[in-house]
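Work through the exercises below with the structure open. Try each task before reading its solution.

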Amino acid sequence: MPEPIRLPPQPDACELCGRASLLTRHHLIPKALHDKPYVQKRFAKSERITATLWVCRPCHNQIHKLFSEKELALTYNSREVLLGDERLRSFVDWLAGKPAGFTPRH
C-alpha cells in the first residue's frame, strides 16, 4: 500500500511576510492545473499536492494578482522563486512591518 500523502503542517506565521495572522494554503502548483499534461510531466502527484505555502490573505492575494496560474505552475513554484520576484518581494517587505490584523485596501 502506498504511503499516504501528508500536507506540511500549518506554521504560526505567514511563510512570506512572517506576520502571525490567519493563514491560507497557497498551492505552489495551482490545483486547477493538476490534470494538465505539461504539469503532470514536470511534477509527481505527491509533489503537486504537497507543494504548498501557508500565507496570510494579503500575501495570497498579491501572488494571484501578479502571476497567472500557468506562470505559478511553471516558474513561480517555490518560496524562493516567488520572493525572487522584485514586485512580490517589495510587497512582502512592506507588509512585514504592519500589525497582524492589517489588511491593505487594494
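**Exercise 1. How many aromatic pairs does a search of the whole structure find? Classify the pair F91 and W94.**

Solution. The model is predicted. A search of the whole structure finds three aromatic pairs.
- Step 1: take F91 and W94, whose ring centres are 5.8 Å apart. The cut-off for a pair is 6.5 Å, so these two rings qualify.
- Step 2: check the angle. The planes of F91 and W94 stand at 45°. Under 30 degrees would be stacked and over 60 edge-to-face, so this pair is tilted.
- Step 3: F91 and W94 both belong to helix 6, residues 86-96. They are three residues apart, about one turn of the helix.

**Exercise 2. Which charged ends lie over the rings of Y38 and F102?**

Solution. 
- Step 1: for Y38, the residue over the ring face is K70, at 4.9 Å from the ring centre.
- Step 2: for F102, the charged end of K98 sits over the ring, 5.9 Å from its centre.

**Exercise 3. Where is R19, and what does its side chain reach?**

Solution. 
- Step 1: R19 lies in the segment before strand 1 (23-27).
- Step 2: R19 is buried yet has none. D93 is the nearest side chain of opposite charge, and it is 11 Å away.
- Step 3: The R19 side chain reaches the backbone oxygen of F102 at 3.3 Å.
- Step 4: list contacts beyond four places in sequence. Among them are C56, L95, K98 and F102.

**Exercise 4. Is K45 buried or exposed, and how far in space is K45 from H34?**

Solution. 
- Step 1: K45 is part of helix 2, residues 45-50.
- Step 2: its relative accessible area is 55%, so K45 is exposed.
- Step 3: K45 and H34 are 11 residues apart in sequence. Their C-alpha atoms are 8.1 Å apart in space.

Methods
Residues numbered from 1 in each chain as written. Predicted model: local features only at pLDDT ≥ 70, side-chain atom pairs only at ≥ 80, totals over all residues. Heavy atoms only, no water. Phe/Tyr/Trp six-rings, centres within 6.5 Å; stacked < 30°, edge-to-face > 60°. Helix = DSSP H or I, 4+ residues; strand = E, 2+ residues; numbered from the N terminus. Lys NZ or Arg CZ within 6 Å of the ring centre and 35° of its normal. Buried < 20%, exposed > 50% of the residue type's maximum accessible area, 1.4 Å probe, protein only. Lys, Arg positive; Asp, Glu negative; His and termini not counted. Salt bridge = Lys/Arg side-chain N within 4 Å of Asp/Glu carboxyl O. Polar contact = N/O pair within 3.5 Å; in protein donor to acceptor, adjacent residues only side chain to side chain. Contact = heavy atoms within 4.5 Å.
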